[in-house]
Amino acid sequence: MVSHTGSASALRTAGRLNEPRPALVEPEADGAPRLVNRLAVELIREEWRVLDRWWTEQPINRRYFDVVLESGQNVVVFHDDEHGRWFSQRGA
Amino acid sequence: MLACLAIPGFELRAALRSRPSLALQPAALAPPEGAEPLIGPVTAAAHQVGVRPGMRMGEALATCPKLVLVEPDPAGAERDWEEIVRRLEDNGFAVESAQPGTAYFDTRGVERLYGGLEPALKRALAAVGSHWDARVGAATRRFAALAAANVARPGQVLVVSDEHTQDFLAPLPLRLLGLDERRREELEALGVKKVGQLAGLPGAAVAERLGPDGRSAWGQARGGKRGRIRGRRPPAEVVEVLEFPEAVGNELTLRRALASLAEKAVNRPERADRFIRKVALSARLVGGASWRRTLTFRDPAGDHDRIRIALGPKIAELPAPVRALRLELVELTEETGRQLELVKTEGDELQNRLREGLRQVKASTGGGVVATVVEVAPWSRIPEARALFVPQDG
């Protein structure tokens with residue numbers, strides 16, 4: 001782990017990088033995204049699951065999709081199975 | 001405590017300073033040239049007859065045929081605001097100016113000096129002067145301080161303690177939040193009309209329905225971030241003005257005037273060989289209106305030619321003939337010389353140059369925009385847990 005050398009006050013105002021952002025996703029019957037932010041999904045490049053922190057009160061249970069949209073944009077979205085909502089995320 | 005000083009309708013008040021009699025009549029700030037025809041702040045007399053800020057000009061004039069539209073004076077407003085901020089700074093407050101008419105400052109450093117929180121806030125109000133009808137709100141959170149300042153009466157100090165923040169914000173209208181009109185209407189159509197009603201909704205549901213703006217408004221409705229006040233560096237005071245005997249509209253003449261102003265400003269002894277980071281060109285236009293443009297150099301400038309070349313194209317944007325042209329060296333560097341590189345920069349010198357570069361970026365884009373990425377758990381399978389961004393202070 002890389003330790004942070006900045007001041008305590010700087011750390012208080014620090015933010016997380018690649019925080020998930022709410023996304024408007026319309027899924028298919030099998031749960032794969034069909035529309036992302038009103039754009040059709042052309043291709044699902046990859047799909048994976050992240051199950052983590054199941055031993056805490058805030059478990060993580062996400063189904064990720066790396067998709068290409070009709071606009072040519074490459075987006076990573078996930079369905080948060082804990083809360084039943086969709087998010088997009090960079091750096092995934 | 002974080003304090004917020006607010007002067008509602010500041011641009012209108014500044015524009016009315018040269019015509020004080022209009023302050024008692026129905027008057028509104030005219031929309032800037034080229035913008036949507038929506039009126040700006042209005043006087044109390046206009047408000048009384050039903051004219052509201054943001055109304056379409058036609059509707060406002062239909063509501064009050066006697067309404068006087070006051071030409072905006074952005075350069076005058078900026079000068080008046082600068083004077084107010086300086087007066088606060090002279091009284092020991094480190095001020096973060098949000099926009100003309102709204103400033104934040106931290107009271108911690110001056111409470112002992114003035115004998116407590118309220119005396120310090122009253123001192124701030126006294127520094128501004130009574131004719132601006134300023135008001136001050138203080139709270140532990142930034143938005144709560146802003147809301148308190150907006151709710152306070154002219155000349156009043158309103159302090160909201162941390163435990164009462166939620167109760168204080170709950171009955172306030174949604175317009176205090178930084179939401180755009182459409183989002184606010186959407187919420188009001190859903191029956192959410194008060195800040196407290198929005199704060200009571202689940203954050204994730206708000207984010208899903210209204211997107212990032214809605215999420216941030218929801219955060220504000222719950223008091224907003226504690227945040228930190230970033231006191232500004234007082235701008236330099238190198239100003240050169242050229243008054244014309246009669247209004248000038250010829251671009252070539254104005255460019256020559258600019259070249260002469262740049263040369264004079266650069267040769268002023270107060271500059272003390274420092275480089276120029278940011279400049280502002282303003283003009284008093286025929287008819288009393290004003291115009292202003294600022295420019296931050298990519299590399300600090302040391303000669304008048306660069307100022308002339310950089311500001312030259314702005315002359316073409318002048319909307320009317322000019323009575324007076326004014327050039328300000330708004331921000332200067334601290335160093336007075338620059339050594340060209342013979343060997344690769346290392347160590348302290350490299351750090352100094354990086355710091356200087358960061359200051360340049362901040363001068364052009366404002367505080368809080370430069371951050372360092374710190375890896376905290378690069379191995380994590382959760383992307384947002386891998387790294388943090390930490391704001392850099394220089």
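The legends below describe close-up views of a predicted model.

**View 1. Helix H12 of chain B, seen along its length.** Helix H12 of chain B covers residues 251-266, and its 16 residues reach 22 Å from the first C-alpha to the last, which is close to the 22 Å expected at 1.5 Å a residue.

View 2. Leu254(B), Ala257(B), Leu258(B), Leu261(B), Ala262(B), Ala265(B) and Val266(B) are the buried residues of H12(B). They lie on the same side of the helix because they cover an arc of only 155° around the axis. An α-helix has 3.6 residues a turn, so residues three or four places apart point the same way. Leu252(B) and Arg256(B), on the other side of H12(B), are exposed. In chain B, the buried residues of H12(B) pack against strand S8 (238-248), helix H13 (304-315) and strand S11 (322-332).

**View 3. The packing of H12(B) with H13(B).** The two helices pack at an angle of about 145°, with their axes 9 Å apart, and H12(B) passes H13(B) in a right-handed crossing. On the H12(B) side, the residues making the contact include Leu254(B), Leu258(B), Ala262(B) and Val266(B), while those from H13(B) include Ile307(B), Leu311(B) and Ile315(B). By class, this contact has eight nonpolar, two polar and four charged residues.

**View 4. The elements of chain A.** Chain A has one helix and eight strands, and from the N terminus on its elements run α-β-β-β-β-β-β-β-β. Of the 92 residues in chain A, buried residues make up 20%. Among the contacts in chain A with a separation of 6 or more, 37% are accounted for by residues 24 or more positions apart.

Notes
Residues numbered from 1 in each chain as written. Chains lettered and ligands numbered in written order. Predicted model: local features only at pLDDT ≥ 70, side-chain atom pairs only at ≥ 80, totals over all residues. Helix = DSSP H or I, 4+ residues; strand = E, 2+ residues; numbered from the N terminus. Expected span 1.5 Å × (residues − 1). Buried ≥ 20, exposed ≤ 12 C-beta atoms within 10 Å, placed from the backbone. Arc of directions from axis to C-beta. Contact = placed C-beta atoms within 7 Å. Axes fitted to C-alpha atoms, helices over the stretch in contact; angles between N-to-C directions. Left-handed = near helix turned anticlockwise from the far one by under 90°. Nonpolar A, V, L, I, M, F, W, Y, C, P; charged D, E, K, R; others polar.
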